[in-house]
Amino acid sequence: MAIQGPIPISFDQVFPHGCFLVGQAEQVKDFDASTNGRTVYAKDKTTGQPVWQVPVMDGDPTVKASQKTVAVKILSETEPTAPPAVPGLPITPVEFVGMTVTPYVGQTGRLAYSIRATGMRSPRAKQAPASKEAAA
């Protein structure tokens, strides 16, 4: 099979309605390597870069409330910086770059996905589709 490892995917495929930061970036702990009093942080097996995690809320109105918040892991040598807050909004819109998805079977036996990115930024302005009147 040609597909091996993380599958490249676009932000718009994962979050077609956008997403919003609901917490801070935290470095992921490697619980297997950590011992009493000594914390070891996770590194990506392929790149060796530190792994950070940021919780986001999916903007899709059809997603169940219990599934709205997901964690996106960011591979970065330094702590990822959140985009600036938007005045008047209680949560910050965010867009991820360099995204991949890795499917796996979760503890419940259901298919789940690990979402990774190489960075985050303020969302780009989406271009509206060309109207039929303008094309005529």
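Me: In this predicted model, which residues touch the most other members of the largest nonpolar core?
Reply: The largest nonpolar core of the predicted model has 16 residues. At least two of its residues come from each of α1 (11–14), β2 (19–21), β4, β5, β6 (92–97) and β8. The members that touch the most others are F15, C19, V56, V72, V94, F96 and M99.

Me: Which element supplies the largest share of this core?
Reply: Several elements, including β2, β5 and β8, supply at least two residues each. The largest share is three residues, and the element that supplies them is β4.

Me: Which residues does V94 touch, not counting residues up to four places away in sequence?
Reply: V94 is one of the core residues that touch the most other members. Leaving out residues up to four places away in sequence, its contacts include P83, M120, R121 and P123.

Me: How many bridges join β4 to β5?
Reply: Strand β4 covers residues 51–58 and runs antiparallel to β5. Within this pair, W52 stands opposite I74 in β5. The bridges between β4 and β5 number seven.

Me: Do β5 and β8 run parallel or antiparallel?
Reply: In this pair, K73 stands opposite R116 in β8. Three bridges join β5 to β8, and the two strands run parallel.

Me: Is V51 buried or exposed?
Reply: V51 is found in strand β4. Buried means under 20% relative accessible area. V51 has 3% relative accessibility, so V51 counts as buried.

Me: What separates the C-alpha atoms of V51 and K29?
Reply: V51 touches E26, Q27 and V28, among others. K29 lies 22 residues from V51 along the chain. The separation of the C-alpha atoms of V51 and K29 is 8.5 Å.

Me: How much space lies in the largest pocket?
Reply: The lining of this pocket has 20 residues, and Q67, V70, A112, Y113 and I115 are the closest to its centre. Two or more lining residues come from each of β5 (69–75), β7 (100–105) and β8 (111–117). The space in the largest pocket is about 640 Å³.

Me: How many residues in the lining of the largest pocket are nonpolar?
Reply: The largest share of this lining, five residues, comes from β8. By class, the lining holds three polar and four charged residues. The nonpolar residues number 13.

Me: How much space lies in the second largest pocket?
Reply: The second largest pocket is lined by 21 residues, and those nearest its centre are K43, D44, K45, V51 and R116. V51 touches K43, D44 and R116, among others. The space in the second largest pocket is about 510 Å³.

Me: Which element gives the largest share of the lining of the second largest pocket?
Reply: This lining has seven nonpolar, seven polar and seven charged residues. Two or more residues come from each of β5, β7 and β8. The largest share is three residues, given by β8.

Me: Why does S114 count as buried?
Reply: S114 is found in strand β8. Not counting residues up to four places away in sequence, S114 touches T100, V101, T102 and Y104. The cut-off for buried is under 20% relative accessible area. S114 counts as buried because its relative accessibility is 18%.

Me: What is the relative accessibility of S76?
Reply: S76 has its place in the loop between β5 and β6. Beyond four places away in sequence, S76 touches Q49, P50 and W52. S76 counts as buried, since its relative accessibility is 14%.

Me: What separates the C-alpha atoms of S76 and V86?
Reply: S76 is in the loop between β5 and β6. V86 is 10 residues from S76 along the chain. The separation of their C-alpha atoms is 24 Å.

Me: What share of the residues of the protein count as buried?
Reply: The protein has two helices and nine strands, in the pattern β-α-β-β-β-β-β-β-β-β-α along the sequence. Its C-alpha trace spans about 70 × 45 × 30 Å along the principal axes. Of its 136 residues, the share that count as buried is 29%.

Note on methods: Residues numbered from 1 in each chain as written. Predicted model: local features only at pLDDT ≥ 70, side-chain atom pairs only at ≥ 80, totals over all residues. Heavy atoms only, no water. 1 Å grid on protein atoms, 1.4 Å probe; cavity = no way out; pocket = protein on both sides within 12 Å on 5 of 7 lines; lining within 4 Å. Points joined across faces, edges and corners; volume = space filled by probe spheres on them. Helix = DSSP H or I, 4+ residues; strand = E, 2+ residues; numbered from the N terminus. Nonpolar A, V, L, I, M, F, W, Y, C, P; charged D, E, K, R; others polar. Pairing = 2+ DSSP bridges. Core = buried A, V, L, I, M, F, W, Y, C linked by side-chain atoms within 4.5 Å. Buried < 20%, exposed > 50% of the residue type's maximum accessible area, 1.4 Å probe, protein only. Contact = heavy atoms within 4.5 Å.
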